[in-house]
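Q: I have the sequence and the model open. Can you walk me through it?

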Amino acid sequence: MASWGEASESRLIGKRIPRLSGKDKVTGKAKYTFDINRPGLLYGRILRSEVARANVVDLDLSEAEAMPGVKAVLPLIEVGRQIRYQGQEIAAVAAETDDIAKDAIRRIRVELEELPHVVTEEDAMRENAPQIRDDWAGNQSEPNVREEGDINAGFEQAAVEVEATYHTPVQTHVCLETHGNVAEWEDDENLTVWASTQGVFGVRNDLAGHFNLPANQVRIITEHMGGGFGSKFGPGVEGRTAANLARATGRPVKLMLTRKAEHLVAGNRPSMTQHVRAGATGDGRIIAYDMKGYGTGGISSGAGFQAPYVYHVPNRRTERRNVAVNVGNQRAMRAPGHPQGAFAMDSLMDELAEKLGMNPLEFRRINDPSEVRQAQYTLGAQEIGWHRRNSVPGSGTGVKKRGMGVGSGQWGGGGGDGTQARVTINADGTVEAVTGTQDIGTGIRTAIAIIVAEELGLNPTDIMVKVGDSGPGLPSGGSGGSQTTASVAPVIKTAAAAAKQKLFERVAPQLEASVEDLRVGNHTIYVVSDRTKTIKWELATGQLGMESITEGGEWDRELRQGGVAGTQFAEVEVDTETGAVRVIKIVAVQDCGLAINRLTTESQINGGVIMGLGQALLEERFMDAQTGRMLNANLEDYKVPGTFEIPEIKSIVFDTHRKVTGIGEPPCIPTLGAIANAVHNAIGVRIRELPITPDKILIALAEKKA
Amino acid sequence: MPDKEKKQGTNISRRNFLKGVGTGTVAATVAPSVLIGSEKAADAQTGDAVASATIQLNINGKPYQVEVEARTTLLTVLRDGIDTSGTNIDLTGAKLICDRGECGGCTVMVDGKTVYACMMLAMDAEGTQITTVEGLADGDNLHPVQDAFVQHDALMCGFCTPGFVVSSAALLSENTKPTLEEIKVGLSGNTCRCGTYPFIFDAVKTASKKM
């Protein structure tokens, strides 16, 4: 049975290894799509609607077309069609400079007949609201109802009940490299696109379909990319437009979204509002759960969330709806549905525990079926110093009050079949590992090098890893669902093992040993039963001459495992005069299986915690009901965590088995509940609506006083 | 001399400039029937913008001569500028991320001080010494900040990294032994979305030991 071997046998796997792309990234040499400069490059821009809902009455491109330096202008919407959200594409230009493209956009004349819009869930659900989707009555989807057990019987057994409404607003991805592409046609039938994407092969197949080309005549390159978080899978309108502009002009075209457009049309995490009534027995078991909730994913559906979450609830009824608004659509965002669901559930857990007069951690121990989290509760509580918590919420003295909270999460991350890879050993001793995955900042490039180097007794820096290019025709899936490492690592390992086997077969006769008796380490192949018989790596490979060894691999499911649990503890300090919340410390205990690279694993846990912190305390998309526009489509008013918000983070790599699992998403889940519960523990009032901003704290404190 | 030349700069901050040209588009879309990009707005915008001049810039110790418009930012020149000899400047380390001086992705040093290159007009950079992230290393020898960033994994996607590296180097050139709080203040003008901050703080501390 295939295995990654014991920890004691691993020279590289599980150690802390700086990423291979580090030097290029700190020196500015790393080229992102945004940095690609091609001979004859043109700059593309898109004119977008400032209006949320309107009919297109007239579109006149002639003035823009006549401008010096403008090479192409393309309509992106037909006259007579309806605009359904701010930011929707109207037309695109390609020009000699970006400034000329900007000017040209302003010379496009579009006449719009404004229609009544709705941009907030409340407005959309109001009686007599404008109907913005023909297929949904009252701008709402049919409810999705699920029932298990008998909630009425459950509530009869309940000793305490809580009824509350929890809300999380829309969050946007804020990829620092905006969505964009550089498209270049070699001739009429061969297209190369540098794409800022999480899915090189997905973009290839989409564009090949769009232009009706054989897939291998479209090449997608993503050497480095500046963040996706779930929003960068297809080429999007902007990608197809870049390719169309390049085709129309016969020149390469770079088209990157503006920061504003990135907020408006490049995806977001849907909102969630849930009204929940729940009951628990006197001995601390959640016994009944009744939830009605909705969220908006823009004009589309997709506003799902997890409810109930993680904890065992025997009797439950849930009812979910999507609400349509005239705003850009949602896209998958880091653990879709989980953080918002976890926030509501972990808040509810604490409210039930408080009514029972129980320590919320003890309440979780009773209701959490996960053995892994049970162990994590112990570890995390110790690390944060749970005994220091206020036994009575809000009982601290002074203006600045401290409190502690806990939250939980779960995820899959077990990977899937479908990755092809190639490991090549060349005569000069160099080794290449090639596959069509992409490094979206998680460090898969380095993980591949570590796996190959471990197998071949070399160093990670000896391995040339080629990812982010569809050219070699070795497909791999998109980097979503925390699936990349668990999808790619088994294939790379088996490919490296197969290549090693071939090399051993080659040198076994001259070492007068059987292939089974050979090992490789420290750039040397040696015979296990007679350590005096050795051959240096380069001498062994030198005999290959023109015949490189090239082997593929297979996805051996024994090498990976899905399903992870996570727990986080937060300590916060709330200034009761200003309402400001400062997170002091987060302890993140993250189940993760075999961490190929412990250093980059810790980075991902830190990153998840910080994104969760942003959602808990800072981030919210503001829509203006009157004008239908987003009020904070920038980085000043849309707040993401900066240096001042960063607490001490203790990221604990909780590796309970030696199979590979992805953890890109799960560490962002438990943070929200942990922080919200810590705020309650600090000041004795509960904020049920994220983000927990100073105004909400001050109002809640004032209401408590009154 | 550089000081004198600086005072003779355009004296137009980009923010004011934008404020001046942006009104036409905003007003146009309030009416029920909407015209985006009226002729008047376009004229107002292009009127000032097309004035151009050839300027000399000193970037990472090398002289460049570029033709720029009044509105051209230093960042545009670094990334997309073409020297009058025909070579692309192609210093793409500094990134355009927020486009309004909020995120620090375009941070470079001008006469040793950090500047948001997206907020500085190229003409105002004449007569200064500009250092970009590409100019920090001494050949193959990384600047201590760069080396520490790699060792501590103070980067993930890496898009914000050049800005953080330049800000960190500038911080350590003024304060060789910053406390954690001073590091947070020193880097408060930079934003990361992947959440690399904890390891960035570690990296700056490590680098400070080598300064």
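**Working through the two chains**

Q: Start with chain B. In what order do the elements run?
A: From the N terminus, chain B goes α-α-β-α-β-β-α-β-β-β-α-α-α-α. Keep in mind that this is a predicted model.

Q: How many helices and strands is that in chain B?
A: Chain B has 8 helices and 6 strands.

Q: And what share of chain B is buried?
A: Of its 211 residues, 51% are buried.

Q: What about contacts along chain B?
A: Take the contacts between residues at least 6 apart in sequence. In chain B, 55% of them join residues at least 24 apart.

Q: What is the strand order in the sheet of chain B?
A: The order is β3-β2-β6-β4-β5 in chain B. That sheet is open, has 5 strands and shows mixed pairing.

Q: Which strands are at the edges?
A: β3 (62-69) and β5 (113-116) of chain B. Each has a single partner strand, so one side of each has no neighbour in the sheet. On average, neighbouring strands here are turned by 40° against each other, direction ignored.

Q: How does β4(B) pair with β5(B)?
A: Antiparallel, through 4 bridges. Strand β4 covers residues 107-110 of chain B. Within this pair, Met109(B) has Thr114(B) as its bridge partner.

Q: What holds paired strands together, in general?
A: Backbone hydrogen bonds, in either a parallel or an antiparallel arrangement.

Q: Which helix lies across β4 and β5 of chain B?
A: α6(B) does, at about 40° to β4(B). Helix α6 spans residues 161-174 of chain B, and Ala169(B) is in it.

Q: Is Ala169(B) buried or exposed?
A: Buried. Its relative accessibility is 4%, and the cut-off for buried is under 20%.

Q: What does Ala169(B) touch?
A: Leaving aside neighbours within four places in sequence, Ala169(B) contacts Met109(B), Leu136(B), His143(B) and Val145(B). Met109(B) is the residue whose bridge partner in β5(B) is Thr114(B).

Q: Switch to chain A. What is the order of its 7-strand sheet?
A: It runs β3-β5-β1-β13-β10-β11-β12 in chain A, as an open sheet with mixed pairing. The edges are β3 (70-75) and β12 (218-221) of chain A, each pairing on one side only. Neighbouring strands are turned by 20° against each other on average, direction ignored.

Q: How do β1 and β5 of chain A pair?
A: Antiparallel, over 6 bridges. β1 is residues 42-48 and β5 is residues 89-95 of chain A. Ile46(A) has Ala92(A) as its bridge partner in β5(A).

Q: Which helices pack there?
A: Helix α3 (residues 98-106) of chain A lies across β1, β3 and β5 of chain A, at about 25° to β1(A). Helix α6 (residues 200-210) of chain A also packs on the sheet, touching β11 (190-195) and β12 of chain A. Its direction makes about 150° with that of β12(A).

Q: How many residues take part in the contact between the chains?
A: Chain A gives 70 residues and chain B gives 64 residues. The buried area is about 5700 Å², of which carbon and sulfur atoms give 55%. On the chain A side, Val26(A), Leu176(A) and Thr643(A) lose the most area, together 13% of what that side buries.

Q: How many salt bridges cross the interface?
A: 9 between chain A and chain B. Arg79(B) and Asp35(A) form a salt bridge through their side chains, at 2.9 Å from N to O.

Q: Where are the cis peptide bonds worth a look?
A: Ala307(A) and Pro308(A) are joined by one, with omega about -10°. Pro308(A) sits in the loop between β16 (286-296) and β17 (315-323) of chain A. Leu690(A) and Pro691(A) are also joined by a cis bond, with omega about -5°.

Note on methods: Residues are numbered from 1 along each chain as its sequence is written. Chains are lettered from A and ligands numbered from 1 in the order in which they are written. This is a predicted model: local features need pLDDT of at least 70, side-chain atom pairs count only at pLDDT 80 or more; totals for chains, interfaces and linings use all residues. Side-chain values use heavy atoms; hydrogens and water are left out. Helices (H or I, at least four residues) and strands (E, at least two) are DSSP runs, numbered from the N terminus. Buried means under 20% relative accessible area, exposed over 50%, partly exposed in between (1.4 Å probe, protein chains only). Contact means heavy atoms within 4.5 Å. Two strands pair if DSSP finds at least two bridges between them. Axes are lines fitted to C-alpha atoms, for helices over the stretch in contact, and angles run from 0 to 180 degrees between N-to-C directions. Buried area is the accessible area (1.4 Å probe) that two parts lose on being put together, summed over both. A salt bridge is a side-chain nitrogen of Lys or Arg within 4 Å of a carboxyl oxygen of Asp or Glu.
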